[in-house]
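Please read it alongside the sequence and the coordinates.

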Amino acid sequence: MSTEKHAEQFAPPEVDETGRRNLVGLSREELSQAMAEIGQPAFRARQLWHWIYHRGVTDFAGMSNLSKEFRAGLAEQFVVGRPSVSVDRQSVDGTRKWLLKFRDGQEVESVHIPEEDRGTLCVSSQVGCTLTCKFCHTGTQRLVRNLSAPEIVAQVMLARDHLGEWPSPKDGRLISNIVMMGMGEPLYNYDNVAKALKIVMDNEGIAISRRRITLSTAGVVPMIERCGAELGVMLAISLHAVTDELRDRIVPINRKYPIAELLNACRNYPGLNNARRITFEYVMLKDVNDSPADARALVRLLKGIPAKVNLIPFNPWPGAPFERSTPERIAAFSDIVFNAGYASPVRTPRGEDIMAACGQLKSASVKERRSARDAALRAAV
Ligand code: SAH
C-alpha cells in the first residue's frame with residue numbers, strides 16, 4: 001500500500017465528543033487562525049502557546065495574564081486536552097509505562113526510561129502496527145489507526161504532567177530525549193508525526209531539540225529523505241538482518257524495500273556526518289542472526305555510512321518464536337562491530353517486569369469496522 005493510501009485508510013477520527021475544540025496539537029498558524037476566528041489578535045496565540053506548551057496549564061482559569069472574560073470565553077469553546085490514563089505502572093528499575101486511552105476508546109503505550117544523566121520518553125505513533133515483524137509483540141496486533149498530531153504531542157505532555165516537569169526546565173530534565181520507538185511505524189504516519197514533532201521541538205514550548213529526538217523506522221524508504229530534510233531529527237533503522245533472505249522473513253517490509261535500497265536512503269540522509277550518525281538497531285536472536293559471520297557482514301554493509309550499532313537483546317513475550325542470544329554471543333558480535341570502528345553498545349533491557357521493554361508493547365485495542373466506529377463517535381457527540 002502506498003504511504004498516502006495508508007494515511008487515508010487509517011486516519012484518526014476528527015470528531016470531539018465534548019463539542020469543544022482541542023488546542024493541543026494545533027500548529028502555531030492554526031492556533032492564530034483559531035484566535036482570528038473568535039476576533040482575537042495574533043499575540044493571543046503566542047500567549048496561549050506559552051501557557052499550553054511552556055507551562056503545561058490545562059485549565060484556562062490558570063492563565064493569569066489573560067482577562068477573566070477572555071478566559072471564560074476560551075473555556076466555552078476550547079479545551080487543552082489530555083488522554084485518560086488506563087494503567088500507570090512503574091518497574092523496579094524506575095521505568096514507567098502509561099497505557100493511554102483516547103476519546104474513541106483506542107489505547108497506546110508510552111514509556112519513560114530514566115537514566116543517570118538523562119531520561120528518554122518512548123512515544124507511540126499508531127494504535128497497533130501493519131509491519132508484522134516476527135519478533136515484535138506490537139507486530140502481533142493489527143493496525144487499528146494512526147494517531148493524530150494532538151495524540152502524539154499529548155503523550156509527551158501527559159508524561160510531563162506525571163513527572164511534574166512544568167514549566168519546561170532548561171537543564172536537568174527528566175524527559176531530555178524522545179524516541180519515536182513505541183507502537184507503530186512513524187513513517188507510515190508521517191504527516192501527523194511531523195506536525196507533532198514540530199510542536200515538541202518549538203523553542204518557546206516543550207523545547208526538546210531535534211538532536212535529542214530519534215525517529216526509528218523499519219525502512220519506509222520513500223519517506224526517509226523527507227524526514228531528514230523537513231525535521232532534521234536523528235534517524236534509527238531497525239535493520240536486524242544482513243541478508244534479504246532473512247530480513248524478508250523477520251522484517252517483512254524488506255520485501256518492498258530491500259536492504260540495498262534502505263542503506264542507499266541512509267547514505268543520502270540529509271545532515272549526516274560523523275557527529276550525527278544513524279543508529280542501526282539489531283535485535284539479538286539466538287542462532288538466527290547472531291553469528292560472528294553476521295557481524296562481519298554487517299560491518300561490510302555499513303561501509304561509508306556514519307553509523308553506530310545498537311544491539312538489543314531480544315525481549316521475550318508470551319508465545320514469541322525466538323530466544324535471546326547468549327551474553328557471550330552478544331559480546332562477540334559487539335566486539336567485531338566495535339573493532340571495525342563503530343560504536344556498538346548493548347541496550348540494557350529496561351522495564352521488562354512491566355512489559356515495557358523494546359518490542360513488548362501491545363494494547364488490547366482491536367480494529368472495528370470503520371463504519372461502526374464512526375457511528376459510535378457520532379452518537380457520542
Ligand atoms: N516501527 C518502528 C518503530 C518501533 S521501534 C521500527 O521498527 O523501527 C521498536 C524497536 O524495538 C525496533 O527496533 C524493533 O525492531 C525493536 N523490537 C521489536 N520487538 C523487539 C523484541 N521483542 N525485543 C527487542 N527489540 C525489539
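Helix 10 (residues 292-302) packs against helix 11 (residues 327-339) at an angle of about 30 degrees, with the axes 9 Å apart. That makes helix 10 roughly parallel to helix 11 (angles under 35 degrees count as roughly parallel, over 145 as roughly antiparallel, 65 to 115 as roughly perpendicular and the rest as oblique). The model is predicted: local features need pLDDT of at least 70, side-chain atom pairs count only at pLDDT 80 or more, and totals for chains, interfaces and linings use all residues. Residues are numbered from 1 along each chain as its sequence is written, and side-chain values use heavy atoms, with hydrogens and water left out.

**Helix 10 and helix 11**

- Pro292, Asp294, Ala295, Arg296, Leu298 and Val299 in helix 10 are in contact with Arg329, Phe333, Ile336 and Val337 in helix 11 (contact means heavy atoms within 4.5 Å).
- By class, the residues of this contact are seven nonpolar, no polar and three charged.

**Helix 2 and helix 3**

- The axes of helix 2 (residues 28-37) and helix 3 (residues 42-55) come within 8 Å and cross at roughly 120 degrees.
- Helix 2 and helix 3 are therefore oblique to each other, and their crossing is right-handed.
- Arg28, Leu31, Ser32 and Met35 in helix 2 meet Arg44, Ala45, Arg46, Leu48 and Trp49 in helix 3.
- The contact of helix 2 with helix 3 has five nonpolar, one polar and three charged residues.

**Aromatic pairs**

- The whole structure holds three aromatic pairs (ring centres within 6.5 Å; planes under 30 degrees apart count as stacked, over 60 as edge-to-face and the rest as tilted).
- The ring centres of tryptophan 49 and tyrosine 53 are 4.5 Å apart and the planes are at 55 degrees, so this pair is tilted.
- Tryptophan 49 and tyrosine 53 are four residues apart in helix 3, which means a separation of about one helical turn.
- Tryptophan 49 is buried at 2% relative accessible area, and tyrosine 53 is buried at 1% (buried means under 20%, exposed over 50%, partly exposed in between, with a 1.4 Å probe and protein chains only).
- Tyrosine 282 and phenylalanine 333 form a tilted pair, 4.9 Å centre to centre with 35 degrees between the planes.
- This pair links distant parts of the chain, with tyrosine 282 in strand 12 (residues 278-284) and phenylalanine 333 in helix 11, 51 residues apart.
- Tyrosine 282 is buried at 1% relative accessibility, and phenylalanine 333 is buried at 1%.

Note on methods. Axes are lines fitted to C-alpha atoms, for helices over the stretch in contact, and angles run from 0 to 180 degrees between N-to-C directions. Helices (H or I, at least four residues) and strands (E, at least two) are DSSP runs, numbered from the N terminus. A crossing is left-handed if the near helix is turned anticlockwise from the far one by less than a right angle, and right-handed if clockwise. Ala, Val, Leu, Ile, Met, Phe, Trp, Tyr, Cys and Pro count as nonpolar, Asp, Glu, Lys and Arg as charged, and the others, Gly among them, as polar. Rings of Phe, Tyr and Trp (its six-membered ring) pair if their centres lie within 6.5 Å; planes under 30 degrees apart count as stacked, over 60 as edge-to-face and the rest as tilted.
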